[in-house]
Amino acid sequence: MGDMELRDYIRVARKRWWMVVTAVAVALALGTLLTVQAVPQYATSVTFFVTTPSAGVSDAYQGGLFSQERVKSYSTLLSGDRIAQLVAGSPGIDLDATEVRARISAQAVPETVLLQATVTDSSKDRSRLIAAAMAERFKTLVESLETPPGKKVSSVKVEVVAGPETADTPVSPRPLRNLALAAVLGLIVGAAAAVLREVLDTTVKTAEALQELASAPVLAGVPFDNDAKGGPMTLTGGGHSARAEALRQLRTNLQYVDVDRPVKTLVVTSAVPGEGKSSTACGVAMLFAEAGQRVLIVDADLRRPRIADYLGLEGAAGLTTVLAGKASVDDVLQRYGNHLWVLPSGFLPPNPSELLGSQHMATLMDELREVFDTIIIDCPPLLPVTDAAVVAARADGALLLARSRRTTSAQVTGAVKALKSVDARLLGCVLNMVAAKGPDAYYYYDEYSVKGHSAGRRASGRREPIGVVPDVMAARDAPAADVVSAPPVGSVR
């Protein structure tokens with residue numbers, strides 16, 4: 001966010017519009033409250049004309065210049081203690097000198113010999129009374145100060161040429177001006193707060209940022225789908241939702257992420273809980289099965305298993321049952337549709353990390369590799385426990401999920417560090433639960449649309465979901481018509 005462009009600011013304003021609206025509403029409320037509680041102030045103005053007696057044109061010119069210079073000093077005299085003391089002593093004022101001085105302001109009109117004074121008070125009558133007393137006392141005081149010693153005539157003459165004139169309406173408060181200023185101030189504060197929050201937000205927002213943090217390619221961006229939380233979506237056949245298409249892109253990219261080292265056992269994990277790894281693992285497994293491969297899902301999350309519940313299967317017996325020697329794979333393996341089998345977690349052991357890192361687990365995975373084309377292993381998050389790192393070290397590769405605008409940069413780097421510490425192979429990342437609507441969705445689609453479709457979307461003006469797989473790839477990966485029989489797992493112990 002250090003180099004934000006105009007488009008970024010617009011996106012932030014669209015996303016956090018409520019902050020701007022709230023700030024404006026609060027500012028208007030405060031402005032209204034202060035306006036209502038403010039005591040009305042009335043102003044009375046007086047204009048003085050300062051001259052110097054002269055005998056000729058030359059003397060008049062010199063006198064004018066002299067008067068202009070003197071007027072600047074008289075403005076200070078008008079708002080000074082001397083006048084305030086004289087006015088405070090006038091009958092009917094009932095204010096001390098300090099209070100009178102606070103109510104008087106004066107300024108010289110530039111390039112003229114005019115002097116304007118204003119008296120502001122909460123009482124219209126007292127404002128006029130103070131102004132009248134001030135005008136009288138000021139004229140007398142100036143002529144007294146400007147009378148040379150030994151003479152009776154002042155060298156300066158002060159005349160009141162306008163006023164005292166009191167405005168009928170208060171000069172403050174001004175409701176329209178106050179509310180307009182409050183709205184502008186609220187708009188500025190709200191916009192600044194929205195931008196600041198965006199700048200200070202360290203969560204992963206884009207595929208580009210995730211790729212830079214993980215130093216690994218982002219294989220797909222999967223849109224958020226509320227229906228995916230409760231159970232598996234219809235990803236095969238007629239499943240053409242944005243999430244299904246994104247998972248198809250992920251499946252395709254996994255097949256070609258490294259053609260020299262094909263992936264057969266894939267660990268699906270994340271940095272922290274709640275990033276959708278279990279549902280993503282199930283979705284990808286279904287799509288691999290859709291392509292005709294024999295696929296096995298292994299629930300290796302022995303702390304909070306989700307696969308069995310997510311697919312609606314029995315999970316009491318499974319991986320831990322086999323590792324403990326209490327059952328064979330034949331006894332616990334469950335069929336789920338065509339080409340797909342599930343190995344649930346089984347009972348929760350007291351030592352998950354040791355169990356997953358045991359030689360028995362390694363032997364079991366080697367035997368399963370001989371039976372299935374693809375094995376997808378759902379593992380716990382990397383940061384809370386070491387289970388996923390232990391399994392990933394023995395798998396062909398790991399897939400790291402990060403939840404859009406929820407997973408922080410520190411969590412991603414910590415997860416990658418955990419994988420590197422055991423020399424696990426990080427195949428790539430998935431930016432999960434990307435906003436399907438709103439400013440963030442538009443920003444993501446616009447920046448990271450699939451190659452070959454960007455130009456079409458811009459030309460047509462239509463917005464397509466993330467990761468639309470080209471038609472030729474979809475045709476090639478169409479599900480096989482026949483139903484395969486169960487793999488020969490009877491030999492696996």
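Strand β12 (residues 426–434) is mostly covered, with 7 of its 9 residues buried, where buried denotes under 20% relative accessible area, exposed over 50%, and partly exposed the range in between (1.4 Å probe, protein chains only). Strands, like helices, are DSSP runs numbered from the N terminus, with at least two residues (E) for a strand and at least four (H or I) for a helix. The model is predicted: local features need pLDDT of at least 70, side-chain atom pairs count only at pLDDT 80 or more, and totals for chains, interfaces and linings use all residues. Residues are numbered from 1 along each chain as its sequence is written, and side-chain values use heavy atoms, with hydrogens and water left out.

Strand β12 belongs to an open sheet of 8 strands with mixed pairing, in the order β5-β12-β11-β6-β10-β7-β9-β8. Its edge strands, β5 (218–223) and β8 (334–335), each pair on one side only. Two strands count as paired if DSSP finds at least two bridges between them.

| Strand pair | Sense | Bridges |
|---|---|---|
| β5 and β12 | parallel | 5 bridges |
| β11 (residues 397–403) and β12 | parallel | 6 bridges |
| β7 (residues 295–299) and β9 (residues 340–343) | parallel | 4 bridges |

Individual residues can be located within these pairings. L296 stands opposite W341 in β9.

Not counting residues up to four places away in sequence, L319 touches, among others, V298, L302, L343, L356, M361 and L364; contact means heavy atoms within 4.5 Å.

On the surface, W17, W18 and V21 form a nonpolar patch with about 350 Å² of accessible area together. Such patches comprise residues with over 30% relative accessible area and no salt bridge, nonpolar side chains (Val, Leu, Ile, Met, Phe, Trp, Tyr) being joined within 5 Å and like charges within 9 Å. A salt bridge is a side-chain nitrogen of Lys or Arg within 4 Å of a carboxyl oxygen of Asp or Glu. W17 lies in helix α2 (residues 17–37) and counts as exposed because its relative accessibility is 51%.

Note on methods: Accessible areas come from the Shrake-Rupley method with a 1.4 Å probe; for residues, only the protein chains shown count as cover.
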